[in-house]
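Please read them with the coordinates open.

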Amino acid sequence: MSRSDSNMTGQAQWALVGPFDHSDNVRTLPIYTTPFVIGRREDLSLTLASKVVSSVHAELTESVGQLVLRDLGSTNGTFVNGQRLTGPVSLREDDLVQFANLPYRVRQQQACNTNHTVYENLCERALALVQFDKLMTERAVTPVFQPIIEMGSRRIVGYEVLGRSPLLGVQMPKQMFDIAAQLNQQVELSCLLRWEGLRAGAGFGQVPHLFLNTHPRELSQPGLIESMQALRNRYPQQLLTLEIHESAVTESAQMAELRAALTRLNIGLAYDDFGAGQSRLNELIESPPDYLKFDMSLVRGIDSASLNRKQILATLVHMVRSLKVVPLAEGIETEAEAQTCADLGFELGQGYLFGRPAAAH
């Protein structure tokens, strides 16, 4: 980002608030001088290093105390409150302006100085809400795939499907679901990530075994089985396993019903993050899944752990295998951890040692 300091007019009356770099931190940028030119070029008043922004994208000027925004023939457009500009527009406080897909709030500097921290928090939330709406309506997610390997041969046997987004403020799943929770759209987001993951996975050279995630709310309301039925209808040959977080595994009868429905659809079942919280041993025994993914907190540093810890983990792995459930160690980062997990009886493994989440191509 750069700013021209020529023709200073004293204290800035207007400011833009939003993320101005790749850190995603929301900051306030005073508009000290006009014309204030925005674009990708480094010699402008505001440089936005994004490929979707034109070299010279838009311009802010002041007219009779009003801040006026004009598009300068950009490729991807300039927007005010969601409407693409076709001519100059006078801005008001709290207007949302976008240069291509980069969003900012317009504020008068005096108001901005009144309660800076509270205001920036409100702006950050408002911008994230706008970006989440764009994510959902445009299905702007990028599925990524992390390999799951066979411990003995190190052969890739499947991939866990995870989600990312190119939109600032909602790039990672935690950011996405934090905003989704405010809008009560966790289930809709979870379904979207599964559908887009399968669509991207269809581009693999051979049909892979895909492990799909759920949100805990999906277990407490109807629709999950119907959602998986729709996926199976669309991708009849795809090898699939549905992952359920251990915190959502609370009732044996419910899990037995889900397991039966998934079996009819030829979809496997995995309990995820086993050991991260209150491990549901009763449900594990009464309604055993196909796979049990041991949380990374049990795996991290296991090679240098005490003998007691190793023995406890080995006992759990042995119990799981006796139930005809495949144990999978999550979060493996070193060769020493991998070797110890193999020695303890884990059949499958996942972690940065074997591959970080990456796009299908």
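1. Helix 4 (residues 186-201) and helix 5 (residues 224-234) have axes that come within 11 Å and cross at roughly 15°. That angle makes helix 4 roughly parallel to helix 5; angles under 35 degrees count as roughly parallel, over 145 as roughly antiparallel, 65 to 115 as roughly perpendicular and the rest as oblique. The crossing of the two helices is right-handed, meaning that the near helix is turned clockwise from the far one by less than a right angle. Axes here are lines fitted to C-alpha atoms, for helices over the stretch in contact, with angles from 0 to 180 degrees between N-to-C directions. Helices (H or I, at least four residues) and strands (E, at least two) are DSSP runs numbered from the N terminus.

2. On the basis of the model: this is a predicted one, in which local features need pLDDT of at least 70 and side-chain atom pairs count only at pLDDT 80 or more, while totals for chains, interfaces and linings use all residues. Residues are numbered from 1 along each chain as its sequence is written, and side-chain values use heavy atoms, with hydrogens and water left out.

3. Which residues form the contact between helix 4 and helix 5? From helix 4 come Cys 191, Arg 194, Trp 195 and Leu 198, and they meet Leu 224, Ser 227, Met 228, Ala 230, Leu 231 and Arg 234 in helix 5. Seven residues of this contact are nonpolar, one is polar and two are charged. Contact means heavy atoms within 4.5 Å. Ala, Val, Leu, Ile, Met, Phe, Trp, Tyr, Cys and Pro count as nonpolar, Asp, Glu, Lys and Arg as charged, and the others, Gly among them, as polar.

4. Glu 218 sits in the loop between strand 14 (209-213) and helix 5, 24 residues from Arg 194, so the pair links distant parts of the chain. Both Arg 194 and Glu 218 are buried. A salt bridge is a side-chain nitrogen of Lys or Arg within 4 Å of a carboxyl oxygen of Asp or Glu; buried means under 20% relative accessible area, exposed over 50%, and partly exposed in between (1.4 Å probe, protein chains only).

5. The structure holds 17 salt bridges. Two of them involve Arg 107: one with Glu 93, with the closest N and O atoms 2.8 Å apart, and one with Asp 94, where the closest N and O atoms are 2.9 Å apart. Arg 107 lies in strand 11 and Asp 94 in the loop between strand 9 and strand 10, so this pair ties together parts that are 13 residues apart in sequence. Arg 107 is buried, at 11% relative accessible area.

6. Glu 160, Glu 243, Lys 293 and Glu 330 are linked in a network of salt bridges.

7. Overall, the protein has 10 helices and 19 strands. Of its 361 residues, 49% are buried. Among contacts between residues at least 6 apart in sequence, 56% join residues at least 24 apart.

8. Leu 72 is found in the loop between strand 6 (66-71) and strand 7 (78-80). Leu 72 is partly exposed, with a relative accessible area of 27%. Leaving aside neighbours within four places in sequence, Leu 72 is in contact with Val 37, Val 56, His 57, Ala 58 and Glu 59. Its C-alpha atom is separated by 9.8 Å from that of Ser 55, 17 residues apart along the chain.

9. Most residues other than glycine have a negative phi, and most peptide bonds are trans. The peptide bond from Thr 34 to Pro 35 is cis, with omega near 5°; Pro 35 lies in the loop between strand 2 (26-31) and strand 3 (36-39).

10. Where are the residues with positive phi, Asn 81 and Asp 273? Asn 81, with phi near 50°, is in the loop between strand 7 and strand 8 (83-84) and is partly exposed at 42% relative accessible area. Asp 273, with phi near 55°, lies in strand 16 (residues 267-274) and counts as buried at 17% relative accessibility.
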